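Dear colleague,

Please find below the structure that I am handing over to you. My findings follow directly after it.

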Amino acid sequence: MPGIILGLFIIIALLIWALASCVKVVPQAHAYVVERLGAYQATWSVGLHLKLPFFDKIAKRVLLKEQVVDFAPQPVITKDNVTMRIDTIVFFQITDPKLYAYGVENPIMAIENLTATTLRNIIGEMELDQTLNSREVINTKMSSTLDIATDPWGIKVNRVELKNIIPPAGIQDAMEKQMKAERERREAILRAEGEKKSTVLVAEGQKESAILEAQAEKEAAILRAEAQKEKMIREAEGQAEAIKKVQQATADGIRMIKEAGADEAVLQLKSLEAFGKAAEGNATKIIIPSEIQGIAGLATSMKEVMSDKK
């Protein structure tokens, strides 16, 4: 009796396990390839699914997310016979789980070998300098070639990136020296340009300073000339005014003498006095008009005037 109960318990446990194994839940971004009796049956997408026990099995679980594979550096030879090592990164995504499951035995290894051969073909048509300066061109060519080649496997290659290009040690040293020389050349050019700009600025400053000084001297000379001109004008006006006043005083004196009834003899004596005052100056000879030569005592007066001069 206990054996029968144990047997029933085992049978029930097996039935429960069988029923539980027939229920499958496919998570997000995954797909299951199901086979029935060894043949492809269906591809399960996200959700709850049931399968026949002992007949159906999940042949492959496929990840539908974009995947990244970093391949080891591969030796390649350029067109000018330079051997270098290049490692690549491939970004791919599975688009058809059935083709991915049955298209190729080892998809990752197949992509790696295909990447290496494609890279050798592309680099073999390029020289070293062109290879170092054409990363984007190489990436585009490799992406296009790999995408076409992996399409029958249910794989889409989104992009390929050259992670690192490793040239030989001798070429690396030459490149470093070249880069150092280029940096030194640029530094020398920048220093020369800086000195040139500094010299130009100094010269411009000196030029502007000289121009300002010349303008200041010119304005000062103009002001001095105007001041001298004003001074001369004022002196001339003063002298003219003095002459005018002297003439006016002389005219007033003559008029007053005439108004006082002085005769011709008095006027001649006044003229003689004027000649006497003139004799007090630097003149050594005096010409006496004939009108006053007949005045009595003229010779005596002239002698006194000449004696006073001496």
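Of the contacts in the protein chain with a separation of 6 or more, 63% are between residues 24 or more positions apart. Please bear in mind that this is a predicted model. The protein chain has 8 helices and 9 strands, and 22% of its 310 residues are buried.

I turn next to the nonpolar cores. The largest of them has 30 residues, and Ile86, Leu119 and Ile138 are those with the most contacts inside it. At least two residues of this core come from each of strand E8 (83-94), H3, H5 and strand E9 (155-166). H3 supplies the largest share of this core, 6 residues. As general background, nonpolar side chains in soluble globular proteins tend to be buried together.

Which residues does Ile86 touch, leaving aside those up to four places away in sequence? They are Ala72, Pro73, Gln74, Val76, Leu119, Ile123, Leu162, Asn164 and Ile165. A second core of 5 residues is separate, and includes Val26, Tyr32, Trp44 and Ile58.

Helix H3 (residues 107-123) and helix H5 (residues 135-150) have axes that come within 10 Å and cross at roughly 135°. H3 is therefore oblique to H5, since angles count as roughly antiparallel over 145 degrees and as roughly perpendicular from 65 to 115. The crossing in which H3 passes H5 is right-handed. On the H3 side, the contact is made by Ile111, Leu114, Thr115, Thr118, Leu119, Ile122 and Ile123. On the H5 side, Ile138, Lys141, Met142, Thr145, Leu146, Ala149 and Thr150 take part. Sorted by class, the residues in the contact of H3 with H5 are 9 nonpolar, 4 polar and 1 charged.

One of the H5 residues in this contact, Thr150, may be of interest to you. Beyond residues up to four places away in sequence, Thr150 touches Ile111, Leu114, Ile155 and Val157.

Apart from residues up to four places away in sequence, Lys98 touches Val33, Tyr40, Thr43 and Gly103. Lys98 and Trp153 are 55 residues apart along the chain, and 8.7 Å separates their C-alpha atoms.

Finally, I draw your attention to the backbone at two loop positions. Ala29 is not a glycine, yet has a positive phi of about 65°; Ala29 is placed in the loop between strand E1 (23-26) and strand E2 (30-36). Asn81, also not a glycine, has a positive phi of about 60°. The loop that holds Asn81 runs between strand E7 (74-77) and E8. Asn81 has 67% relative accessibility and so counts as exposed.

With kind regards

Definitions and conventions: Residues numbered from 1 in each chain as written. Predicted model: local features only at pLDDT ≥ 70, side-chain atom pairs only at ≥ 80, totals over all residues. Heavy atoms only, no water. Axes fitted to C-alpha atoms, helices over the stretch in contact; angles between N-to-C directions. Helix = DSSP H or I, 4+ residues; strand = E, 2+ residues; numbered from the N terminus. Parallel < 35°, antiparallel > 145°, perpendicular 65-115°, else oblique. Left-handed = near helix turned anticlockwise from the far one by under 90°. Contact = heavy atoms within 4.5 Å. Nonpolar A, V, L, I, M, F, W, Y, C, P; charged D, E, K, R; others polar. Core = buried A, V, L, I, M, F, W, Y, C linked by side-chain atoms within 4.5 Å. Buried < 20%, exposed > 50% of the residue type's maximum accessible area, 1.4 Å probe, protein only.
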